[in-house]
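Here is a short report on one protein. It looks at how the chain is divided and at what lies inside.

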Amino acid sequence: MPIVPTDEQRRVIDQRTGTVLVLAAVGSGKTTTLAHRIAHALEADAHLRPERLLALTFTNRAADHMATSLEEIAGPVATARMTISTFHALCARILRSDPAGAGLADDFRILDEDDTMELLRELDVEAPKDSMFALAEHASATPMGACSVQTWHRGQLGGFEWGPRYAAALATRGAVDFAGLVYLTRALLTEVEDARGRWSTAYDMVLVDEVQDTHLSEYEVMRVLAAQASSLCLVGDLDQTIYAWRGSAPRALLEHLERDFGPVQPLHMTRNFRSTHRILETASALASAMPDRSSHMRPSEGLDVGTIPTLTCYSSIETEAAGIAQAILARLKSGAAPGRLAVLGRTHNGLAQIAEALKTLAIPHTTVEHFKFFRRAEVKDALAVARLVYDRHDEVAARRISLRMVRNVDRAALRRIRDDGHPVGLRLTDLLDAATIRQGDPFWTLDRPDCIVLDTETTGFDPDEDEIIEVAAVRLRGGTYSGKPQDRFVALLRNTIPVGASEAVHQISDATLAAEGQDPRTVLEGLREFIGRQPVAGHNVGFDRRMLEGYGARLGVPLQLRVCFDTLPMARRLVLDARNHKLGTLVDHLQIPFEPTHRALDDVLATVELATRLAERSKAGHSRRWSILARENPAFARLRSALEGWANQSIRPATLIRTITREVLKYSGPDAPRRFANLEELALRVEAMDDPAIPAARALRRILDRAALVRDVDTLDGAPGVRVLTMHQSKGLEFDHVWVPGLVDGGIPSWFTVKRHNDAGDDTGIHEERRLLYVALTRARRDLSLSWHRRGTRGYGKSLSRFGPELGDTVRPIAGP
């Protein structure tokens, strides 16, 4: 984008209120314009706070670029307070704000696609990848009003035979997959009034990028988030709609937008600042064949005319690959930077020949596999061990590390531990807990404990931002609460953050806190004295611990709390027939004579009685658990000892990764140097993502969330060599020199699309493939080389893609070898 905005860009920047739809042509300076729009809004409105701004992007890479632009314009302090996020990362944040409302563990982990398929294989589900996508399709197709937390956790969604087993396995592991991430967010915002109220009032300004690729299920979440925003801006280019196959329907979405937030003011950005005139002419010729073209682009003043793109015909797919490799080699010899060159193909398989030809000429290049940095075995190994340092109950990480790092433990051994242990409440993770091994039972802390049972009520769920408004605690001596005043601590705290919609839950108003609340610092100092050196306990006590430590740190009252027991995960093991494991549900299910009211003291007393009931239930399986632990624990001794030692040191995440690499990750063979180099790169990336201002365990959890949600191209910028990408992966990128091979019918458009068109007369796939090719063409800045081949890998004849003639005389045909 130029230093001085164009008239089109200025209209986008200045329109600060109402609902705006920006139709931004490719290369029109969208990211910088949107950054200026946000900065201008902050400058023009003194009442607009940065934390009230939300910007949603399609990839982490786009979010990072948006943040970088904003830091340059609005400054790093204001930018850090904004929410600039991908949709899935925002869903994770929403669920983290109220995991209990979504039926999740407080410290739930996010399974990436690899972990999800591995879990399905473990459950003997046929075609794990297809099953994973089928569940995701059902989840996204369910209207928001019909999304149910209970339906998800019972495994009833889609009616799959394996659904209940899969849901139970996720619950055991304290995990959620990608499908559940979005589905449960929609269910939470539907079923939990407090959550809906909180998030519908969270933002004054909402911006959504790449609207053409936004699924209607994602729009439903956005509709809640923007419900009371004074400014809603959606940005995109409908001519780049390439995800209809995953459910994006931009025109239907825009109809919803007009109905929900109308009137919608359309604004256009048509000037292209990226490509040469000749490349734009070729792209425009292809776009002219689109039956529903919505955006138009024109070259900006000062752009080079450039050379005419070429369309080369090769005799075979092999000669095409060799020809492209030779052309790339010539470019590199002329001084071109490898990272500014790209080969964009329709599929991974179609790019395999190109990658092999580049390898033959020793040309450094990066394929899709290189981008899957966080999916590499050694990276997943290190992150799994790191998880276990701070969360010894992570079943997914424990299973991975047991199989890969514990001698004489295989899948049969893990199945034996699961089958023997599950009926009596024992888990694989118990074998990694030193205290459990010493005591001979994971429920030993329930046996007449001396501890403090506590509960908090808060203005929200973020330990770095929200405040505690009530705290209650009672002292147990030998597992018994005396009822005496000296064994009880209860206080209301004055607040500076309004309680908002949470008042409907705990019935504590701002007026009540103003009249009866005490000074927060004084209360926390009194609580610290009441607790002394005793450990704490509660129902979902991890949340209370984080809130108390976070709020205490901000008030200058350091609290270092040790957990004795948490009745939530214990109830999940011992009360298998409950509808869910919320405190209120368990009180009803176990007929506990205390009514949890979401007031802190009532919940504490209910938790004390729940702990007693769980202790009674745990006795039945004690001898069996002891026997299994005695039989299995020797194999895990070395790993268990290492985890215990690291946990006691409270190591920052990057240092922890290097320590794990040095002390327990042992790789050998010709790939070992590459693996260790990747692990050092992981440490550097973790270091860059770390926030030293928060505790190491919480920082690591944020890093792990991001690693689970990362897309293939999010790590592109640091990759070496020529880029070898699919057309889908190239979205949002640009390169000086671009080669687009495989321009044949059955390639682009794909064989399946052509067949569907021929069999059923369905043109929708053809139109989407044309848009996909349009995306590929518009990645080029200086040179564009297209090609096709007359003979494929099996010797079958090929014909030029039906899109070739649509380019007309904007390309120069060449007869290749």
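Domain bounds here come from an automatic or database domain assignment. The model itself is predicted. The assignment gives these domains:

| Domain | Residues |
|---|---|
| domain 1 | 7-92 + 192-268 |
| domain 2 | 100-180 |
| domain 3 | 278-372 + 717-815 |
| domain 4 | 375-442 + 622-685 |
| domain 5 | 446-619 |

**Where two domains meet**

Take domain 2 and domain 4. Their centres, taken over C-alpha atoms, are 24 Å apart. Domain 2 brings 11 residues to the contact, and domain 4 brings 13 residues. Together, domain 2 and domain 4 bury about 1,100 Å² between them. Of that area, 40% is on carbon and sulfur atoms.

How many salt bridges cross the interface of domain 2 and domain 4? The rule finds seven.

**Inside the protein**

The structure holds two cavities of 30 Å³ or more. The largest cavity has a volume of about 80 Å³. Which residues line the largest cavity? They are Leu135, Trp152, Gly155, Gln156, Leu157, Phe160, Trp162, Gly163, Tyr166, Ala167 and Leu170.

Helix H9 spans residues 163-173. This helix gives the most to the lining, with four residues. By class, the lining of the largest cavity has eight nonpolar and three polar residues.

Methods:
Residues numbered from 1 in each chain as written. Predicted model: local features only at pLDDT ≥ 70, side-chain atom pairs only at ≥ 80, totals over all residues. Heavy atoms only, no water. 1 Å grid on protein atoms, 1.4 Å probe; cavity = no way out; pocket = protein on both sides within 12 Å on 5 of 7 lines; lining within 4 Å. Points joined across faces, edges and corners; volume = space filled by probe spheres on them. Helix = DSSP H or I, 4+ residues; strand = E, 2+ residues; numbered from the N terminus. Nonpolar A, V, L, I, M, F, W, Y, C, P; charged D, E, K, R; others polar. Contact = heavy atoms within 4.5 Å. Buried area = accessible area lost by both parts, 1.4 Å probe. Salt bridge = Lys/Arg side-chain N within 4 Å of Asp/Glu carboxyl O.
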